[in-house]
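Welcome! Please take a look at the sequence and structure below, and then read on for a short tour of two spots in it.

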Amino acid sequence: MSKFTLKDGTELYYKDWGTGQPIFFHHGWPLSADDWDTQMMFFLDQGFRVIAHDRRGHGRSAQTYAGNEMNTYAADVAELTAFLDLKDAIHIGHSTGGGEAIRYVAKYGKNRVSKVVLISAVTPYMIVDDNNPNGVPLAVFDDIRFNTANNRSQFYHDITFPFYGYNREGAKVVKGIQDNWWRQGMMGGIKAHYDCIKAFSETDFTEDLKSVEMPVLVLHGEDDQIVPYATTALRAAELLKNGKLITYPGLCHGMPTTDAPTINADILAFIKP
C-alpha cells in the first residue's frame with residue numbers, strides 16, 4: 001500500500017500505476033480513489049500514468065480532525081504531486097474533487113499541469129446567495145450534515161438513489177454500484193466527512209476558474225440531482241478563459257460510473273495529443 005506523509009504528519013494513501021503522461025484523479029465526497037477504478041484501467045490501457053489519492057479523512061488516508069477544507073486539500077495535492085514529480089499532468093476531478101482540482105491548479109499547477117477536466121463539479125460554488133440566486137439552499141446541506149453526523153450508514157445507502165439517478169422511473173438499479181459507494185464512504189472518517197460538506201458547498205472557486213490559463217473540459221449531466229448543472233457547469237464554462245463544455249441530457253451525477261464509456265471517450269478526445 002503506497003502512503004505519503006505530509007508535512008503536518010497526515011498520511012495520504014495513493015495509487016500510482018504505469019508510465020507516460022500522468023493523469024491525476026480527484027474523487028468526490030465522501031468517496032475514495034476507488035471511485036476511479038474504471039477510468040484508471042481505461043487510461044492505463046491508453047498509455048497514460050494514472051494516479052489517484054484518498055483525500056485526507058477519506059478512504060485509507062488518515063482520519064484527520066483538522067484541515068478538512070479546500071485550501072488544505074489543494075496543498076496536500078501539491079505536496080504529493082511534487083513528491084511524485086508530476087509534470088505536464090492532466091488533472092481530472094469529480095464533484096468535490098473538481099473543486100479540489102481547480103484550487104490546486106490555480107494555486108500550484110502553473111508549471112506542472114497541462115489540462116484539466118471537471119466532471120459534475122461543484123465549481124464555481126453551490127450555495128444560494130445574492131450572486132447565485134438559483135443555488136442550493138443552506139437547509140439542504142444542513143440536512144446532509146445532520147444525516148452524516150447521526151445516521152451515516154443508512155444515509156450513505158439512501159443517497160445513492162439520486163446520485164446515480166436510480167430514483168428515476170424505469171431506472172435499472174445496480175446494487176453492486178450502490179454497495180461500492182457505501183463501502184467507500186464508510187471507510188472514511190466521520191469528522192472529516194462532516195467538515196467536507198462545508199468545503200464542497202460553500203467554497204467559492206470563481207477566482208480559481210478565472211485565473212486558469214490552460215484548457216479545461218467541463219462535463220456535466222443535465223439530470224444531475226446532487227450538483228445542478230445550470231448553477232455550476234454553465235457558470236464555470238463562462239468563467240474559464242479556455243473552457244469547453246459538454247452536457248449530457250438525462251445523465252446523472254455519478255455518470256463516470258454509470259456511463260463510463262461515454263465519459264472516458266470524451267476525456268480521451270480532449271487530452272490525447
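The briefing below covers a pair of helices and then a strand with its neighbours. Please keep in mind that this is a predicted model.

**Helices H1 and H12**

- Helix H1 spans residues 37–45 and helix H12 spans residues 260–271; their axes come within 11 Å and cross at roughly 45 degrees.
- The crossing of H1 past H12 is right-handed.
- On the H1 side, Thr 38, Gln 39, Phe 42 and Phe 43 make the contact, while H12 brings Ala 260, Asn 264, Ile 267, Leu 268 and Ile 271.
- Sorted by class, this contact of H1 with H12 holds six nonpolar and three polar residues, with no charged ones.

**Strand E4 and its burial**

- Strand E4 covers residues 49–53 and is mostly covered, with five of its five residues buried.
- Arg 49, Ile 51 and His 53 point one way from E4, whereas Val 50 and Ala 52 point the other way.
- Side chains in a regular strand alternate between the two faces of the sheet.

**The partners of E4**

- Strand E2 (residues 11–17) is joined to E4 by four bridges, and the two run antiparallel.
- Within that region, Lys 15 has Ala 52 of E4 as its bridge partner.
- Strand E3 (residues 22–26) is also joined to E4 by four bridges, but here the strands run parallel.
- Opposite Val 50 in E4 stands Ile 23.

How values were computed:
Residues numbered from 1 in each chain as written. Predicted model: local features only at pLDDT ≥ 70, side-chain atom pairs only at ≥ 80, totals over all residues. Heavy atoms only, no water. Axes fitted to C-alpha atoms, helices over the stretch in contact; angles between N-to-C directions. Left-handed = near helix turned anticlockwise from the far one by under 90°. Contact = heavy atoms within 4.5 Å. Nonpolar A, V, L, I, M, F, W, Y, C, P; charged D, E, K, R; others polar. Buried < 20%, exposed > 50% of the residue type's maximum accessible area, 1.4 Å probe, protein only. Pairing = 2+ DSSP bridges.
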